[in-house]
Amino acid sequence: MTTKRISPELFEKLVGLAALELTAEESTYLFEEMNHQLASVEALSQIPLPEDVEPSLHGLEPKGLPPRPDEWKPFAHPEAIIALAPETEDGMIVVPDVKGAK
Amino acid sequence: MSLTQLSAFEVAHKVRTGEVKAAEFAQAALEQIRAVDGVSGSLNPGELDPIEESKVHAFIQVTQDKAIEQAEKVDQKIANGDEPGLLAGVPLSVKDIFCVEGTRTTAASKIIANFVPPYTATAVQRLVDAGAIVLGKVNLDEFTFGSSNESSAFQPSTSNPWNTEYVPGGSSGGSAASVAAQEVALSLGTDTGGSIRQPAAFCGVVGLKPSYGRVSRLGLIAFASSLDCPGPLSRNVRDSALMLQVMAGNDPKDSTSSTLPVDDYLGALEQDVKGLRIGLSPDYEAVYYPDLESGELHSEPIQKGVREAVLRAAETLAKAGAEIVENVPMPNTRYGIPAYFVISRVEAASNLHRFDGVKYGYRTPEAVEDLNELYRRSRAEGFGLEPKLRILMGMYVSAAEHASSYYQKALKVRSMIRSDFEHAFDPQGAYRLDALLTSTTATTAFKRKAVYGNSVLMQYSDQMTVASNHAGVPALTMPGGLDENGLPIGIQLIGNDFREEMILRIGNAYEQLTADDAWRKVRPQVLQGEVRA
Amino acid sequence: MKDYEVIIGLETHIQLNTETKIFCSCKADSWEAEPNTNICPVCSGLPGVLPVLNAEAVHKGAILAAAMHAQINTKSYFDRKNYFYPDLPKGYQISQFDQPIGRGGYLDLPLENGETRRVRIHNLHLEEDAGKTKTERGVRLLDFNRCGVPLVEMVTEPDLRSGDEAAQYLIRLRQLLRWIGVSEADMERGHLRCDANVSIRERGTTVLNTKTEIKNVNSIDSVRQAIGEEAKRQIELVESGGKVESYTLDWDADRGKLTKMRSKETEADYRYFREPDLLPVVLSTEEIDAVIARLPELPLARRARFEQEYQLSAYDAEILTSERSLSDYYEAAVAAYAGEAKTAANWMMNDLSRLLNDLGKTADQLVLKPENLAEIISMVDKGKINAATGKSLLKKVEETGKSPSEIVDDEGLGLIADSDALRKQIEGILAGASAEVASFRAGKESLLGWFVGQVMRSSGGKADPKRTREILLELLNKE
């Protein structure tokens, strides 16, 4: 049995999509571990699944409340949320601009 | 008997009757923490004194002032003749993955090491409202991602109070250790693939993963939203029942929280096990793991002493009148980990998107070119290796071109795992079980660094626990003996949907039946008053 | 040059006018609010929080789906659309992907040439809005007030053929949204936003060529202009041997120019998956049937009925069905009024419309009820008051809340139809104008108008003009 391996190119693409950047050491380790995990995950492809089996999002389907009534309940301290931000100005969070976007 | 040895049930009783003040329990807990915990986990631990190696290090943060304040409030209530709550004066630790208003909440990660939430998790709020005293926040694997506590960004990570060279398990390692080391009577943990039960088993305490939706997830920093369950850790079954009693019940702020009425868990403990059908499954007697290169599945029987503890428990329960049903097939158990590798990673990658250096937590101090670099740098510097690995894996298996072969497939396997339980518990079926009895883990605790770094092997330590997370059913772990090294063995009772009362009842009966067993007299190393050489 | 046709599909985002946001209890509308004052841990994406669905957002989504003749799904799901952007605090948008609340449907557009263009709808899904960002001095400032506002995203099939048609679609959609009460549909406030997909092909062919997407065409004029510009650009490009590439374009309404935002080749993979924090949205067939049953008669159907039932011109029927409250008002007034529907229409379109404009009200907000209007028109018809008095009564009823007849009585506005009293008054006037009487009798009959004017002046306009004329002629021709 041969297992699927993630190519280094795909790995790099995933790192970009994940908004990460890795040191060479991290890269080597994570690349290997991902491929090892993939070997485990490949077991899924061996499982004979009956035709009619439905995917289950929660094993035990939650039976919660129906959607809530449309009633305004303001949060008491919105300013406390903005106070958590590393940089703010006039009640707004400040971030650098995005290059090459709108 | 010292105050710290008392069960939550006893503490609440003494406080309620005025025999001992809540403040005295809070002080006793603080003293115990000072005696056994050592330095709290931190991002920059520096050089550690060798004596720290014999300490528990369960806490990231001891909230002493708040604890004393809460205790005084409870005492004031009692003085006023007001109802102090079911947990009056009970010392509690909270896994540092739950938001507590005004208390730093770190998820054991650098990326939110300075985060002070402006709101409190429902489970914590209910415990505090019932009179529990929060002693502080305890350590865990970063974002709960692990089974040994070692991946915490807050070092030193927690040790196993039975032998500090061993891991406490994880991710609720700090929770289990703080209860085992008698720093607190109760701890609030979370269980996504076994994160309450595995460390509880490793540390010789009781832990309960409730049914999915029984306890609100609001305020729990999410790992895998479809699997996460908050739950209690305690030193006996009754205390877990008591704690669940307080926490369970619908929360309008968690859409997946169940509206089913909450059972009388404490009342259920009064009943014995006569006539109950308790199953044993061969599918829980071996572990299946893949060859890292070929992916081929190998199997290996679980640790001998662990298996014997399960059989011993079955015998004990049989003698008390339970009917043991052997050879219950749970054929999809072995696919629990592969499916978990997919489902939990997809959800985790998405749940971790919000940690981006923009709104709260860590932002790179470096000058950046633009916003995208800010994201990359902040996340690269803020996340440890394990979150990075989980994000990348989640990205891969949910990518549009792979989602059907991985994610959709895993969700179907999840259905299959669920159907194993449905068959076993079906009241009209062949097995008609009231509970399934298994080991909680394949082995007892492992040594520090023995597994850490091998992400696959680490994940496979959840093999006995993860199936109940997939299925959403409740599962209880409790001590079932000690292995040849004197390390605790955990045995597990898995119940049908929302039948926590049944597994608690069986667990409590087992505890009573084995109360005089010799192994129950053995105390963890850190409580033996000796420092390891 | 070849004969080209332009193929357009529109993607609209409609802000539902619920009280609160879709997944938390903050206010949905915070147009006037200071930045980041209408936020909570849920909509600002703090760790550990969970979304809780607003029932009204589902209900209004279902009403819209019904009004679009779409199939309303008994079970729909929310999914996560994952991407990094600073206006998206969770790093994913909760949206609907493969099982949305509504599927299919259409909106009919009456075209100028009398034909009807049926614009098919691909699907409708519920989702949360993102926040706002603005760029100042090279940095981005983030405001999360709008995060979590309920939206319906509605995507058409490529059934539109010109910028004008696209503009018509938005006009009709805006009318419908207000008509069924699910959105204020104020484009300036972003309640109705639009992206346009544009491609060209040779007329007579059925291929779908590479399209470009124009973002932010958020006014009727912008849609018309931007599509016109883009169609022109594509035709010129193809005519000169070029090839249309799959771009995303931004419409700058101020400069009337399109700029390229990014190439679509690099489109992100959003890694959609079911939102595990929410339950499926379940609507029973009874609930769906009730939504459909309670749906009001829609504008175009009502317009056609007005033309037929009330014999109105197409123009009148269009005006009177431009807004639901106006058309409801009209129907109630017609029902209360015994005369011709056309007469009532004239009053509505002239005098009542002016009153509405002056007051900045919609018809349903008036104190002046349709029955009052009917009574006023009837009084004019019967000669109880003159037309000018009738018109002035509209405002008086609106201001006082009294009935028209009450005001006429109180203020003595009724016409003097009592012949004896009028005759006496006229005799008095003639006695004081012997020179004019003589002139008239000498043959200067044009003076009749002058006499009528004198009577009117002395009666304060209340003399019945017809009766006045009769009496004047009688008295002047006596000798």
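Predicted model: local features only at pLDDT ≥ 70, side-chain atom pairs only at ≥ 80, totals over all residues.
Local features need pLDDT of at least 70 and side-chain atom pairs count only at pLDDT 80 or more, while totals for chains, interfaces and linings use all residues. Residues are numbered from 1 along each chain as its sequence is written, and chains are lettered from A in the order in which they are written.

**The cores.** Select B:Val90, B:Leu92, B:Ile506 and C:Ala196, which are among the residues with the most contacts inside the largest nonpolar core, a set of 285 residues. Such a core consists of buried Ala, Val, Leu, Ile, Met, Phe, Trp, Tyr and Cys residues joined through C-beta atoms within 7 Å; buried means that 20 or more other C-beta atoms lie within 10 Å of a residue's own. A second, separate core of 42 residues includes C:Tyr330 and C:Leu430.

**Strand S12 of chain C.** Next, select residues 192–202 of chain C, where eight of the eleven residues are buried. Strands are DSSP runs of E, at least two residues long, and two strands pair if DSSP finds at least two bridges between them. S12(C) pairs with strand S1 (residues 4–15) of chain C in the antiparallel sense over eleven bridges; here C:His13 stands opposite C:Arg193. Strand S13 (residues 212–215) of chain C also runs antiparallel to S12(C), with three bridges, and C:Ala196 stands opposite C:Ile214.

**Chains A and B.** Finally, display the contact between them, to which chain B gives 70 residues and chain A gives 51 residues. On the side of chain B that touches chain A, helix H13 (404–425) is one of the contributing helices, and H13(B) gives the most, with eleven residues.

Notes: Buried ≥ 20, exposed ≤ 12 C-beta atoms within 10 Å, placed from the backbone. Helix = DSSP H or I, 4+ residues; strand = E, 2+ residues; numbered from the N terminus. Contact = placed C-beta atoms within 7 Å.
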